[in-house]
Structure formats: C-alpha cells, structure tokens
Amino acid sequence: MASVELVRVAKNYGKHQVLKPLDLTISDGSFTVLVGPSGCGKSTLLRLLAGLESVSDGDILLDKQQINDLDPADRDIAMVFQSYALYPHLTVEENMAFHMQVKRVPKAQQQAKVLQAAKVLAIDHLLKRLPKDLSGGQRQRVAMGRALVRSPKVFLFDEPLSNLDAQLRMELRAEIKSVHQQFRTTTVYVTHDQIEAMTLADRIVVMKDGYIVQQGEPLEIYDRPVNTFVARFIGSPPMNLFDGTFGEQDGEIGVQCGDLWFALPKKWQQSAQQAQGKAVTLGLRPHDIYLHEHSKQPPARLRLLEVTGESSLMHIDWCGFPLHVQCAGRARVQLETPLLLAARSEGIHLFDAASGERLQES
C-alpha cells in the first residue's frame, strides 16, 4: 500500500492543455474514484499515474518519492483497463501468472498466488480455459486477478465495467469493493458512471474540463454540491434546477420561480435577506418533491411515468419547469392529468444565478 500525491500536475498535447495544473492527495489504503463527463481528463490523469503518459508539468509522488521519470514497470502500480487486454493464446492461469514469469518468481509461488487470487474472484474453476471460452465478466475478473497477483502498491482501474451489461456491472462492482476491503490496497478508479462512484468510493474527485471541481466523501458531495454542475452530475435522476428571485410572502422569506413559491428553511434565510429581489437558482432532488393533495402550488402536468417496481419516476412539467419527481412504490397517476406537488424545504439548495456556485448557508 502507498499514498499518492500530485503536485501542480498538468498535461499538454501541443498547445492544447488537457489537464490544468492540479493538486490531489490519495491516502494510503483509500478507494478514490475520479468521475466526470467524457473529455474531462480523468483517464489522462490515470495514464499519468501509470506512466503511460509523461507529465508536462508538476510532480507525481508515490510514498513521497517522485516517480515522474520511472518506467511503468518500475512503478509498482497495476492497471486494469476497459478492454481486458488478455493474451488470447494463454490460459487463464498463464495470463494471471505472466508478470511473475517475467520477474522469474518461483513456479510454486506463482501457482499459490494465482490460486489465491482466483478463489477471491471465484474463477478458480476456469484456470485451464482460454479467454475465448469466457464471458465478458469472467474475462474482466481474469484481468483483475492478473493485477491482484502482483501485490502492487496501487491499483488503477480505467472504466473496467463499461463494456458489461447491467447485471454483471452490479456483480463486479461488489467484487471490486470486496477485494479492496480485503486487501486495502490504494485504489484509483475512473468512471463516468456516478452510481459506480457513489457506491465504490471512500472519496470522490469530480472533474470537468481538465480541473477538479470538488472532492470529498460521496454523501458530502451529494448533500452539499459546490455548484450546479456537481449538483446535476452527482445523483440519478439529477437535481432539478429552478430559475428564481429572492422575495417575501406573508412574512415568509423564500424564492419566487415563475408562478411557484418556495419558502426557505432557516439555514438559507440569511443569504435570502441579504439579496432580496436578486436572481438565484434553486435546486431540489427528485425525492424532495412529492404528491400533496392540499398543496397551494399551481398544478403540474405528468408527461411520462416510469415504474421500476420498487419506485416510480415521474417526468413533470411544473409551470414551465421540466423536472423529475421520484417516489417509493407505484404512483397512481395518469398522463396529462393535473398533479398537486409540494417540496420539502429542508431539501432546498441555493446557487448563484450567474456563476452557479453554491450560496453560503447560515
């Protein structure tokens, strides 16, 4: 295990800067997930750590030692790719043992480590098969096992589950988490899937346009997104956003969003009092809006209903605002019929209308 530190690390391709100078500390034994939209620089950052790309500026430290100029083979870092990258002519056992063969590890030790890793990943019955005889999930397990037998200081995962179907993704996600809990090897995992990020990570690093927007524990980022980009990106379905202005009605301080009025809880009232009449963006998670037959808000219109069994997702038009409303169970509603909705005031998030940055709570 090891700690990893990036100090003012940047990456340029010619005149195009893919990674802006950034600082990042990855604690020993942690599971850190880099998440963001395509092109944000997360995979480039992973390749810099692996040594597959050279840094344009800054330093990469592994246990306080600079590794900028070390070859990938000398970094004691194992990487699992989106593509399985298995040798098609070698068996599962030979694929997993390949690195140890190159390092001339004794045969008995090779076999013991391969068998141990194969049992952890539930592929010990597949050791004599060729990759062509395996399913996609089994091939990805072999790729993980090949990395695991190396006992590296750091594991790097580059979107390893994106080629798998939903059921396999769920199973392997649990497998990856289980392996980390068992071995506590420092892990850096890249994905564009924020569900993977939320369920796997000890710490999430949200990236956009080559820089870090926010980093922290999963629920910290979910509960207190620093801006509207993070608010919309972390959470599925995404947060609903309303354009509005601060105001006051019947002695209540709140936000007027077109024909909708949202009274503010105490934590936001200081910000509202200091900015009466100013534009603001109000955010509400889909589960913080609910059906309420005595609501004083104008009615909404149901455009689409998705029922998964354990929950219902309603696509709503509410006074010109398109939004998602999520509720437990099976919603008994009809398309194009008026719906009365209310919002949980404690679930309100407020952002600056111009910059999108989160406002200060009192």
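The model is predicted, so local features need pLDDT of at least 70, side-chain atom pairs count only at pLDDT 80 or more, and totals for chains, interfaces and linings use all residues. Residues are numbered from 1 along each chain as its sequence is written, and side-chain values use heavy atoms, leaving out hydrogens and water. UniProt, in an unreviewed entry, lists residues 4-234 as "domain: ABC transporter"; its positions are given in the numbering used here, feature names are shortened, and annotations may be inferred rather than shown by experiment. That span is 36% helix and 26% strand, with its end C-alpha atoms 25 Å apart. Helices (H or I, at least four residues) and strands (E, at least two) are DSSP runs, numbered from the N terminus.

**Helix α5**
- With 18 residues, α5 reaches 26 Å from first C-alpha to last, close to the 26 Å expected at 1.5 Å a residue (the expected span is 1.5 Å times one less than the number of residues).
- Its buried residues (under 20% relative accessible area, 1.4 Å probe, protein chains only) include Leu168, Leu172, Ile176 and Val179.
- The buried residues of α5 pack against β3, α3, α4, β7, β8 and α6, where contact means heavy atoms within 4.5 Å.

**Arg173**
- Arg173 sits in α5, which covers residues 166-183.
- Arg173 is buried yet has no salt bridge, and the nearest side chain of opposite charge, Asp193, is 5.3 Å away.
- A salt bridge here takes a side-chain nitrogen of Lys or Arg within 4 Å of a carboxyl oxygen of Asp or Glu; for charge, Lys and Arg count as positive, Asp and Glu as negative, and His and the chain ends are not counted.
- Leaving aside residues up to four places away in sequence, Arg173 touches Leu161, Ile195, Glu196, Thr199 and Leu200.

**Arg150**
- You'll find Arg150 in the loop between α4 and β7.
- Arg150 counts as partly exposed because its relative accessibility is 24%, and that class runs between buried and exposed (over 50%).
- Ile77 is 73 residues away along the chain, but its C-alpha and that of Arg150 are separated by 8.8 Å.
- Beyond residues up to four places away in sequence, Arg150 touches Ile77, Ala78, His99 and Lys113.

**Strands**
- Strands β1 (residues 4-13) and β4 (residues 57-62) run antiparallel, joined by 5 bridges; strands pair if DSSP finds at least two bridges between them.
- Ala10 has Asp57 in β4 as its bridge partner.
- β4 also runs antiparallel to β5 (residues 65-66), with 2 bridges, and Leu62 stands opposite Gln65.
- β4 and β5 form a hairpin with 2 residues between them, and Asp63 in the turn has a positive phi of about 50°.
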